[in-house]
Amino acid sequence: MEFGSQVAERILDQVADAVIYANRSGEIILWNRASAALFGYPAKEALGQSLDLIIPEHLRASHWRGFNAAIGNGHTKLEGRPTLTRAVHKSGRRIYVEMTFAVVTGDKDEVIGSVAVARDVTDRIERERSANRAS
C-alpha cells in the first residue's frame with residue numbers, strides 16, 4: 001500500500017494538468033506542481049486558502065452555487081465533461097482554463113470534497129477569437 005501511495009503522489013506532482021482538491025467548505029487541500037505553474041501560487045501560498053483565490057470575482061456566486069449543489073447532491077452537473085471558464089493568475093491576469101470536476105467520496109460514500117483538473121487554453125481561445133474577427 002505504501003508503494004501505491006508514493007506512486008500516486010509522484011503522479012500528481014508530475015502530471016501536466018493542474019489538480020486541485022478542496023474539502024467540503026472549498027478550502028484548498030491539494031495543489032500540485034502544475035497548479036502552481038498555471039495559477040502562479042506556490043503550494044505554500046495556496047494550501048488552506050479558499051478556491052476564491054483563482055475564481056474571478058464576477059464568477060464566484062455561480063461557482064459557489066454549483067460547488068455547494070455538487071457537495072450536497074454527491075455529483076456534478078457536468079458529470080466529468082470539460083467546461084471552459086475563466087480563472088485568475090496570481091499576477092491578476094485573467095486566463096481561460098478548461099476544467100473537469102468530480103465529487104470525492106470517503107470510505108462510506110460520504111462526500112468529502114471536490115477535485116478539479118485544469119489546463120490553460122488561453123492561447124487557443126485568443127487565436128480562435130482573432131480568426132473569427134478576421135473572417
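1. Two strands are taken to pair if DSSP finds at least two bridges between them. In this predicted model, five strands form an open sheet in the order β2-β1-β5-β4-β3, with antiparallel pairing. The edges are formed by β2 (28-31) and β3 (83-88), each of which pairs on one side only. Neighbouring strands of the sheet are turned against each other by 35 degrees on average, direction ignored.

2. Within this sheet, strand β4 (residues 94-105) and strand β5 (residues 111-120) are joined in the antiparallel sense over nine bridges, and Val103 stands opposite Ser114 in β5. Helix α5 (residues 122-134) packs on the sheet, where it touches β3, β4 and β5, and its direction makes about 130 degrees with that of β4.

3. Helix α4 (residues 60-73) lies across β1 (18-23), β4 and β5, and runs at about 135 degrees to β5. This helix contains both Trp64 and Phe67, which are three residues apart, about one turn of the helix; both residues are buried.

4. The count of aromatic pairs comes to two. The ring centres of Trp31 and Phe39 are 5.6 Å apart and the planes stand at 40 degrees, so this pair is classed as tilted; Trp31 and Phe39 are buried. Trp64 and Phe67 form an edge-to-face pair, with 5.1 Å from centre to centre and 75 degrees between the planes.

5. A contact of another kind involves a charged side chain: Arg86 lies over the face of Tyr96, at 3.9 Å from the ring centre.

Terms used:
Residues numbered from 1 in each chain as written. Predicted model: local features only at pLDDT ≥ 70, side-chain atom pairs only at ≥ 80, totals over all residues. Heavy atoms only, no water. Helix = DSSP H or I, 4+ residues; strand = E, 2+ residues; numbered from the N terminus. Axes fitted to C-alpha atoms, helices over the stretch in contact; angles between N-to-C directions. Contact = heavy atoms within 4.5 Å. Phe/Tyr/Trp six-rings, centres within 6.5 Å; stacked < 30°, edge-to-face > 60°. Buried < 20%, exposed > 50% of the residue type's maximum accessible area, 1.4 Å probe, protein only. Lys NZ or Arg CZ within 6 Å of the ring centre and 35° of its normal.
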